[in-house]
Amino acid sequence: MAKGKAVRIRVILECTACVRTSVNNKPRGISRYITEKNRHNTPSALELRKFCSYCSKHTIHTEIKK
């Protein structure tokens, strides 16, 4: 059998609040998570609500390109 593209791919989720505030203030860091998604079920960018240790609250983390 021929190997095609993998269905499950690894994606990196990055905090959207940290990216915005690090430009104006001194950089504190950016919260990132690594997860997997199914390419066929979720073709668009993945957005999850995760805990950000730098903001100390739950924020929206979006998929970034590697």
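Reply: A residue counts as buried when its relative accessible area is under 20%, and as exposed when that area is over 50%. Partly exposed covers the range in between. Keep these cut-offs at hand. This is a predicted model.

Me: What share of the residues of the protein chain counts as buried?

Reply: Of the 66 residues, 20% do. The accessible surface of the chain is about 5,400 Å². Carbon and sulfur atoms own 52% of that surface.

Me: How should I read the predictor's confidence, and what is the average pLDDT here?

Reply: pLDDT is a confidence per residue, from 0 to 100. The protein chain averages 84. A score of at least 70 is reached by 79% of the residues. Then go element by element. Helix H1, residues 16-24, has the lowest mean among the elements, at 67. Strand S3 has the highest, at 95.

Me: Next, the fold. In what order do the elements run from the N terminus on?

Reply: The order is β-α-β-β-β. That makes one helix and four strands.

Me: Which strands does S4 pair with, according to the bridges?

Reply: S4 covers residues 57-64. One partner is S1, residues 8-15, joined to S4 by four bridges. S1 and S4 run antiparallel. Within this pairing, Ile12 has Ile64 as its bridge partner. The other partner is S3, residues 47-52. S3 and S4 are also antiparallel, with six bridges. Here Cys52 stands opposite Lys57.

Me: How many residues lie between S3 and S4?

Reply: Four, and the two strands form a hairpin.

Me: Is Asn41 buried or exposed?

Reply: Exposed, because its relative accessible area is 63%.

Me: Now charges. How many salt bridges are there?

Reply: Three. The rule asks for a Lys or Arg side-chain nitrogen within 4 Å of a carboxyl oxygen of Asp or Glu. Take Arg8 and Glu36, whose closest N and O atoms are 3.7 Å apart. This pair links distant parts of the chain, with Arg8 in S1 and Glu36 in S2, 28 residues apart. Arg8 is partly exposed at 48%. Glu36 is partly exposed too, at 43%.

Me: Which residue forms a salt bridge with Glu14, and at what distance?

Reply: Arg32, with the closest N and O atoms 2.5 Å apart. Glu14 lies in S1 and Arg32 in S2, so the pair ties together parts 18 residues apart in sequence. The two side chains also count as making a polar contact, at 2.5 Å.

Me: Why does Glu14 count as buried?

Reply: Because its relative accessible area is 12%. The cut-off is under 20%.

Me: And Glu63? Which residue does it form a salt bridge with?

Reply: Lys37, with a closest N to O distance of 3.1 Å. Glu63 is in S4 and Lys37 in S2, so the bridge ties together parts 26 residues apart in sequence. Read the two ends separately. Glu63 counts as partly exposed because its relative accessibility is 23%. Lys37 counts as buried because its value is 6%.

Me: What about side chains along a strand?

Reply: In a regular strand, side chains alternate between the two faces of the sheet.

Me: Is Ile34 buried or exposed?

Reply: Exposed, because its relative accessible area is 64%. Do not guess burial from the residue type. Compute the area.

Me: Which residues does Ile34 touch beyond its sequence neighbours?

Reply: Leaving out residues up to four places away, Ile34 touches Arg10, Val11 and Ile12. Ile34 and Ile12 are 22 residues apart in sequence. Their C-alpha atoms are 4.6 Å apart in space.

How values were computed:
Residues are numbered from 1 along each chain as its sequence is written. This is a predicted model: local features need pLDDT of at least 70, side-chain atom pairs count only at pLDDT 80 or more; totals for chains, interfaces and linings use all residues. Side-chain values use heavy atoms; hydrogens and water are left out. Buried means under 20% relative accessible area, exposed over 50%, partly exposed in between (1.4 Å probe, protein chains only). Accessible areas come from the Shrake-Rupley method with a 1.4 Å probe; for residues, only the protein chains shown count as cover. Two strands pair if DSSP finds at least two bridges between them. A polar contact is a pair of N or O atoms within 3.5 Å; within protein, one must be able to donate a hydrogen and the other to accept it, and residues adjacent in sequence count only if both atoms are side-chain atoms. Contact means heavy atoms within 4.5 Å.
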